[in-house]
Every structure is written in C-alpha cells, then in structure tokens.
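I opened this notebook to record which side-chain contacts can be looked up in the structure shown here. The entries follow the order in which I consulted them.

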Amino acid sequence: QVQLVESGGGLVQPGGSLRLSCTTSGINFSLYTMNWFRQAPGKQREWVASIDNVGNINFADSVEGRFTISRDNAKNTVYLQINTLKPEDTAVYYCNAIWRGAPGYDFWGQGTQVTVSS
C-alpha cells in the first residue's frame, strides 16, 4: 500500500519557523517528483514547491525566498522548511508524490495543519 504521512505542523507566531516532513512508503521514492501544496480556509488548493528525482527545485512566487524544499532518499522523506511565517501561510499543507513515466502514479497525504497567529 502507498502511504504519505505529513507531520510538523502546529501553531506558531508570525515571524517564526516550522519544518514539515512527509514520510512515504510503498513507492520507489527516489524516482518520484515530490510536491508540497496548501489549502487555506475558503480557498482553492495551491501548489507551493517541488523537488524532482535529480534535485531540481521550484517554488511558487508567493513563497520564494522564505520556503526551502529538500529530500532524503535514504529516509524516503521530503521536507518543507518555512521561515518568517505570515498569517497568510495558515493552511493545511499536503504532500504529493508523482512519477511522470506513466499515468496513475500520483499520490497524496492527509495533510498537516499550520496556523500562524499572535
């Protein structure tokens, strides 16, 4: 069975930092592009960042300069470091794994809540 489990969310004050983790099982992790998405209350889900199987990284314009994505293939885990948190970062953050070599290899976690409030 394929499983993606996010962790590391919580309540933090503006200006603080969090590191989110997504640990996977049931996939050949090193072959997958990993993405982070987020969904704020009342808004559509938006893409945040990605890191592909050879380490290429991309960020959404809204988070460039504050967020860092990384992966540890030995641990089958992808991370999202969030610095200088703002109230507008409040959302459920979701981990996504996708293999572009064939259709149907696209998986999601359950999400972890990040709340930024003073």
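Entry 1, charges over rings. I count a charge as sitting over a ring if NZ of Lys or CZ of Arg is within 6 Å of the ring centre and within 35 degrees of the ring normal. The model is predicted, and I read every value below as computed from it. I looked up Arg71 and found it over the face of Phe29, at 4.5 Å from the ring centre. I then noted Arg45, which lies over the face of Tyr94 at 3.8 Å from the ring centre.

How many salt bridges does a search of the whole structure find? The search gives three. In general, side chains of opposite charge can pair when their charged atoms come close. Arg38 is buried, at a relative accessible area of 6%, whereas Glu46 is partly exposed at 32%.

I next recorded that Asp89 forms a salt bridge with Arg38, with 3.0 Å between the closest N and O atoms. Asp89 lies in the loop between β8 (77–82) and β9, and Arg38 in strand β4 (residues 33–39), so this pair ties together parts that are 51 residues apart in sequence. I noted both Asp89 and Arg38 as buried.

Asp89 also forms a salt bridge with Arg66, where the closest N and O atoms are 2.8 Å apart. Arg66 is in the loop between β6 (57–59) and β7 (67–72), while Asp89 is in the loop between β8 and β9, so the pair ties together parts 23 residues apart in sequence. Arg66 and Asp89 are both buried.

I looked for cysteine pairs and found one disulfide. Cys22 and Cys95 form it, with their sulfur atoms 2.1 Å apart. The link of Cys22 and Cys95 is left-handed, with -80° about the S-S bond. It joins distant parts of the chain: Cys22 is in strand β3 (residues 18–25) and Cys95 in strand β9 (residues 91–98), 73 residues apart. Are these two cysteines buried or exposed? I recorded Cys22 as buried, with a relative accessible area of 0%, and Cys95 as buried at 0%.

The search of the whole structure finds three aromatic pairs, and I recorded two of them in detail. Tyr32 and Phe107 form a tilted pair, 6.4 Å centre to centre, with 40° between the planes. Tyr32 lies in the loop between β3 and β4 and Phe107 in strand β10, so the pair ties together parts 75 residues apart in sequence. Tyr32 is buried at 5% relative accessibility; Phe107 is partly exposed at 21%.

For Phe37 and Trp108 I noted ring centres 4.8 Å apart and planes at 50°, so this pair is tilted. Phe37 is in strand β4 and Trp108 in strand β10, so the pair ties together parts that are 71 residues apart in sequence. Phe37 is buried, at 17%, and Trp108 is partly exposed, at 36%.

I looked up nonpolar patches and noted one of about 270 Å², made by Leu31, Trp99 and Tyr105. Trp99 lies in the loop between β9 and β10 (106–108) and is partly exposed at 31% relative accessibility.

Technical notes:
Residues numbered from 1 in each chain as written. Predicted model: local features only at pLDDT ≥ 70, side-chain atom pairs only at ≥ 80, totals over all residues. Heavy atoms only, no water. Disulfide = S-S within 2.5 Å. Helix = DSSP H or I, 4+ residues; strand = E, 2+ residues; numbered from the N terminus. Buried < 20%, exposed > 50% of the residue type's maximum accessible area, 1.4 Å probe, protein only. Patch = residues over 30% accessible without salt bridge, like charges linked within 9 Å, V, L, I, M, F, W, Y side chains within 5 Å. Areas by Shrake-Rupley, 256 points an atom, 1.4 Å probe, with all protein chains shown as cover. Salt bridge = Lys/Arg side-chain N within 4 Å of Asp/Glu carboxyl O. Phe/Tyr/Trp six-rings, centres within 6.5 Å; stacked < 30°, edge-to-face > 60°.
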